[in-house]
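Subject: Structure handover

Dear colleague,

I am passing on the structure we spoke about, with the sequence alongside, and below it you will find my notes on what turned up. Please read them with the model open beside you.

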Amino acid sequence: MKTLNIASIPGDGVGKEIMPEAIRVLEKVAQVHGGLQFKFEEFPYSCDYYLKHGAMMPEDGMDRLSQFDSVFLGAVGDASKVPDHISLWGLLLKIRQEFQQEINIRPAKLLKGINSKLADPKDFDIVVVRENSEGEYSSIGGRIFHDDNEIAIQNNVFSKRATKQAMNIAFDLASKRKGLVTSATKSNGIFHAMPFWDEIFEEISEKHPNIKSESKHIDALAAYFITHPHELDVVVGSNLFGDILSDVGAAIMGSIGVAPSANLNLNGKYPSMFEPVHGSAPDIVGKGIANPIGQIWTAKMLLEFNGEANIAEHLLKVIEAVTADGYQTPDLGGKYKMTEVTDEIIKRLGQ
Ligand SMILES: NC(=O)C1=CN([C@@H]2O[C@H](COP(=O)(O)OP(=O)(O)OC[C@H]3O[C@@H](n4cnc5c(N)ncnc54)[C@H](O)[C@@H]3O)[C@@H](O)[C@H]2O)C=CC1
Ligand SMILES: CC(=O)C(=O)O
Ligand SMILES: [Mg+2]
């Protein structure tokens, strides 16, 4: 029997609602699989934890998480309790950076039965490869002076190593897909970092003559996600650009409530972390209508990256069959509650 030890961090807001749903699904997956079991340990790291303890996690928090095969996260952030930059840097970004989860993989494809926000979407299937450890997500800089003279300086960090790594992964993925890599740039406005990014992209493109490559400025590319998503394949972007594009990808899928993501540690030193693209959705907390599919599709990615590709594919097919038959939460225009969608997925997994 293979055992996967999973640290679950429900976090804040709808994170606490959708996490139990995805765990119910994974328990069913294990039963259907027959040779797989999960051991979950829940960690209460969240804004409520911060209010009690003055930090998002205890001092030995990272050591404890490092003992697990994977971290499974809901969402972090409740600005009514803790400023967002404190809560995210104290938990989400801390884990991504300290566990060297340098790549974030974010698929965006239309599931059957879901109405895209686009009037006439053609069948699209995009994977955003996001550099996940540096770029614009940097704590380097500071604030000086006061009142109207106050100045904020924020430094971006782009290393050749991490940039190349993200691009190599994008090309590798494209070689197994439609064979196109699109790079998100903004070298017409960002004077140093983006020409640097473009030069590296050109260098890596030349090493992959069989893969088509193109660069698009982030503003035009965001529009292209709306107008021509079916023409994209793998999109590689910096931390911020990948963040924004994956929300656009989620919107054209129909709702950010369905979008999954995987923060990958590639050197095997630390666990990878799996979390949906969305945040804690404070506007719908407590209503029982959060879409559980983002977290459940994320569970599919957790299975895949832990060597369980077959059952992972089966889970995605079941999710798609359920959405195709209209079991959808209100964010997708449906009338079903969160638990009803999950129940239907679990029922069909067993059939
Ligand atoms: N990975 C993470 O933990 C992330 C955390 N955040 C944090 O979450 C909080 C809220 O951020 P927002 O910018 O409002 O983004 P958000 O993703 O939480 O919400 C944006 C919109 O999408 C809807 N939505 C999100 N998840 C949904 C779901 N599962 N089902 C149905 N509808 C859903 C919300 O109701 C809202 O209308 C902030 O504290 C923010 O910092 C934001 C993004 C990612
Ligand atoms: C914070 C956030 O929105 C993200 O990393 O996707
Ligand atoms: Mg985001």
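This is a predicted model: local features need pLDDT of at least 70, side-chain atom pairs count only at pLDDT 80 or more; totals for chains, interfaces and linings use all residues.

The main sheet

Ten strands make up an open sheet with mixed pairing, and their order is β2-β1-β3-β12-β11-β4-β5-β10-β8-β9. The edges are held by β2 (36–42) and β9 (212–217), each of which has a single partner strand, so one side of each is left without a neighbour in the sheet. On average, and with direction ignored, neighbouring strands of this sheet are turned by 25 degrees against each other.

Within the sheet, strand β1 (residues 2–11) and strand β3 (residues 70–75) run parallel and are joined by five bridges, and I9 stands opposite L73 in β3. Helix α1 (residues 15–33) packs on the sheet, where it touches β1, β2 and β3, and the direction of α1 makes about 160 degrees with that of β2. Helix α6 (residues 160–175), for its part, lies across β4 (103–109), β5 (125–131), β8 (180–185) and β10 (234–237), and runs at about 160 degrees to β5.

Domains and annotation

The chain is divided into domain 1 (1–100 + 290–350) and domain 2 (116–253), and the C-alpha centres of domain 1 and domain 2 lie 26 Å apart. Five residues of domain 1 are in contact with four residues of domain 2. On the side of domain 1 that touches domain 2, helix α5 (residues 92–98) gives the most, with three residues, and by class that side has two nonpolar, two polar and one charged residues.

From the database record, an unreviewed UniProt entry, comes the feature "domain: Isopropylmalate dehydrogenase-like", placed at residues 5–345. The end C-alpha atoms of residues 5–345 lie 23 Å apart, and the span is 40% helix and 19% strand.

The ligand

Around ligand 1 there are 24 residues, of which G77, G257, H278, G279 and N291 come nearest. Sorted by class, the shell around ligand 1 has twelve nonpolar, eight polar and four charged residues.

With best wishes

Conventions
Residues are numbered from 1 along each chain as its sequence is written. Chains are lettered from A and ligands numbered from 1 in the order in which they are written. A residue is near a molecule or strand if its C-beta atom, placed from the backbone, lies within 6 Å of it. Ala, Val, Leu, Ile, Met, Phe, Trp, Tyr, Cys and Pro count as nonpolar, Asp, Glu, Lys and Arg as charged, and the others, Gly among them, as polar. Two strands pair if DSSP finds at least two bridges between them. Helices (H or I, at least four residues) and strands (E, at least two) are DSSP runs, numbered from the N terminus. Axes are lines fitted to C-alpha atoms, for helices over the stretch in contact, and angles run from 0 to 180 degrees between N-to-C directions. Two residues are in contact if their C-beta atoms, placed from the backbone, lie within 7 Å. UniProt positions are given in the numbering used here, feature names are shortened, and annotations may be inferred rather than shown by experiment. Domain bounds come from an automatic or database domain assignment.
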